Amino acid sequence: MAVSTMDSESAPTKGGRTLLSSGVLTTTLGPQGKHYICGSLAAFTNILVTFPIQKALFRQQLHGVLVTEAVQQLQRDGLRNLYRGLLPPLLQKSTTVAIMFGLYEDFSRVLLDQVGTSTMPELVTRSFAAALAGTAEAILTPFERVQTLLQDHRHHGRFNNTAHTFRTLVTEYGVRECYRGLMPILLRNGPSNVLFFGLRGPIKEQLPEATSKAGNLLNDFVCGGLLGAGLGIMFYPLNVVKARAQSQVGGAFQPCREVLITVWRERGGSLMMLFRGVHLNYHRSIISWGIINATYEFLLKIL
């Protein structure tokens, strides 16, 4: 059974040309290497645009406050601190999205070659490739760890910048401390990748057919935005657990279940309080993944 994956290398356009037929990077990096570059540039663009929104959302996840209070906290921190903590997500997201798209294509190609003419559905093979790519992304957990500490105003006096935070964690607590919060990231990345790559093509097929480059760009934005928003809601509790776990420095590593129970009790056993900030996450995800998906597909066509 075939699965629609929006693979720009294998899917010809209506005119019969492949989207990479005149790409410069195809010659220099090969058709697979191009996915890493396009994914990285797409994430870079997204982070620059959406970082202030992400920072307000983080405050809601960590403290369970309303969006107005989160914004007021940022205002009190001042403009100088608004982009404090930008470098870790810029490095982390640019790398993880490159891995996400690049390894997905690489794993898919290798697994499909290995499967050959067997009866295993292509959907299963590509889903496995997506899960492997998502799991590989977790190696960059230290960047999320540092981002959390730099965005938490309670640590402003202790950690100066990205390099200082890394150095402090490693020298005072060891490399293991950089991977605090790894488990919720693993539980989030694999399944979300499977759903993203599995649904990306089918969702775009349901949108009105694009008759221009602008229309195609809009469809890619809508497709990525809808998927990002939906997955953001689905895995939001894991992000709350991750934020809480990574805001701690030193001490015992608590299992995900214990962290979730602690947050649940602190917020009065309210599902609404647990999901506080999800509406901001929804809007941010629409913008973020819309930008990533549209920019990625656009770059595949022009580079």
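Tutor: The second largest pocket has a lining of 14 residues, and those nearest its centre are Gly 181, Leu 182, Met 183, Phe 253 and Gln 254. A pocket here is an open set of points, on a 1 Å grid over the protein atoms alone, where a 1.4 Å probe fits and protein lies on both sides within 12 Å along at least five of seven lines, while lining residues have an atom within 4 Å of a point. This is a predicted model, in which local features need pLDDT of at least 70 and side-chain atom pairs count only at pLDDT 80 or more, while totals for chains, interfaces and linings use all residues. Residues are numbered from 1 along each chain as its sequence is written, and side-chain values use heavy atoms, with hydrogens and water left out.

Helix H7 (182–206), helix H9 (236–246) and helix H10 (256–266) are the elements that each give two or more residues to this lining, and H7 provides the largest share, three residues. Helices are DSSP runs (H or I, at least four residues), numbered from the N terminus. By class, the lining holds 10 nonpolar, three polar and one charged residues, where Ala, Val, Leu, Ile, Met, Phe, Trp, Tyr, Cys and Pro count as nonpolar, Asp, Glu, Lys and Arg as charged, and the others, Gly among them, as polar.

The space in the second largest pocket comes to about 200 Å³, a volume being the space filled by probe spheres set on the grid points, which are joined across faces, edges and corners.
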